[in-house]
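Welcome! Take a moment to look over the sequence and the 3D view before reading on.

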Amino acid sequence: MEHAAKILLLGKTGVGKSAFINYFLGKQVAKSAAGLPVTMEYFIPYEIEDGSYPIEIYDTKGLEAIGAYEQLNEIITGVKERNQSEDIFNWFHTIFYCVSMANRFEDFEAEFIRTLQQELTQHIHIILTHCDVCEEDTIRRMRERITGLLGGSDQIEIFEVVCTGKKKRNGTIVLPRGREAISGRVFDLLWEDIAYKVSSDYAYTLRNAMVSVADQTLARADGLIDDVVRLKTLFKFLQDELEADEYLDGTITQLEEQMNEDLERVKRETDQRFTRILRPAAQLYASYRGAVTGDFLEEAQLAFDDCLLWTVGEWMDTIDGNALIAKMFPGMAKKGYIDGDDFVSGDDTSVPELLKMIGTGIADLAGLKKNLKRICRDVHSDFIANLPTMAELQKEACQKMIEVMR
């Protein structure tokens, strides 16, 4: 189906994935063969469509302890290939991992799930199958083991199911259960998982774009220093201080404005790109919620406007001239240009005045260029260090997406 929510189903051989598919879809579509890896290739789709919320469940080959990491790599590669699409309906939107209550939850399974979460930036939810074979206390201990091995994440939900009804030896009738709980949460989970993945991609894209702008600005600053700190320009500035002031102020202002414009541009372009990606899924989700609640939205509006509040620091901050000159040219104090911690000419010293002071010490010109570039690199590093982290960007964007749809 072109526009369907896609669920990927994982788990060891014999945990009941095929039985769950048949139970969840309400019809016999998947072959069951307990203990045998019946699904011999990856990502086999089964469809459900009741007129309001189309779903595709993708079965996978049963996971085995031997060869698990080869299977892991194949799954990661396959999911990444689909999830790189700009069409969100090509993605696997959420992932369920089946664990049978008739078996142990093994350490290699926990490692498998943790690696998937890290590599795919997606949550992996747990379905406990065969819940009719044990007591509630056993199920509770299984839940505790799973959450303990997976780091106690509150982003992972655990569902309990009995996929087939039967009569026990003592005459007790066991009825299928669990589908209602999963159906009631599946689209909320899908949206939350989509929001988590998209916001992770968004944070990665936006922060890298901002760092790139900072790098470009540093390159422009280096070019400015190369242009200004040379003999020809120095002598020209010494002849006309007013022209020097106007040139430097204008150039630095232009540098700052260009950086701010570039940052605003990459933020706007990133917002627009991810809004385009999300809107079709938001419309599907809104349609589903309307079918369930009767509260139909004419159009699902989703945008990243103001989802991130960040300020751009000034690159060319006012620097204490005394401390700067003393740090860059300690030899100048011996020549009488610095008296203790103060300039002889006063505390408020312009760049042309600094150049004039260096005019009689041309040997310091190379040092001036080197140190000015070092200062620009320091400011560049400080700027990047003060940017929001990817985790901060991801959290804020994810919260906004979820809040918008609620």
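How many aromatic pairs does the structure hold? This is a predicted model, and it holds 5 aromatic pairs.

## Two aromatic pairs

Phe96 and Phe159 form an edge-to-face pair, with 6.2 Å centre to centre and 75° between the planes. Phe96 belongs to strand S4 and Phe159 to strand S6 (residues 158-160), so this pair ties together parts that are 63 residues apart in sequence. Both Phe96 and Phe159 are buried.

The ring centres of Tyr97 and Phe112 are 6.2 Å apart and their planes stand at 50°, so this pair is tilted. Since Tyr97 lies in strand S4 and Phe112 in helix H3, the pair ties together parts that are 15 residues apart in sequence. Tyr97 is buried, with a relative accessible area of 0%, and Phe112 is buried too, at 2%.

Now for the strand itself.

Strand S1 (residues 5-11) runs parallel to S4 and is joined to S4 by 5 bridges; here Ile7 stands opposite Thr94. S4 also runs parallel to strand S5 (residues 124-129), with 6 bridges between them, and Tyr97 stands opposite Ile126 in S5. From S4 the chain crosses through helix H3 (residues 107-120) to S5, in a right-handed β-α-β crossover.

## Charges over rings

Which ring does the charged end of Arg82 sit over? The ring is that of Phe92, with the charged end 4.6 Å from its centre. Lys197 lies over the face of Trp91, 4.9 Å from the ring centre.

Key:
Residues numbered from 1 in each chain as written. Predicted model: local features only at pLDDT ≥ 70, side-chain atom pairs only at ≥ 80, totals over all residues. Heavy atoms only, no water. Pairing = 2+ DSSP bridges. Helix = DSSP H or I, 4+ residues; strand = E, 2+ residues; numbered from the N terminus. Right-handed = clockwise from strand over helix to strand, strands pointing away. Phe/Tyr/Trp six-rings, centres within 6.5 Å; stacked < 30°, edge-to-face > 60°. Buried < 20%, exposed > 50% of the residue type's maximum accessible area, 1.4 Å probe, protein only. Lys NZ or Arg CZ within 6 Å of the ring centre and 35° of its normal.
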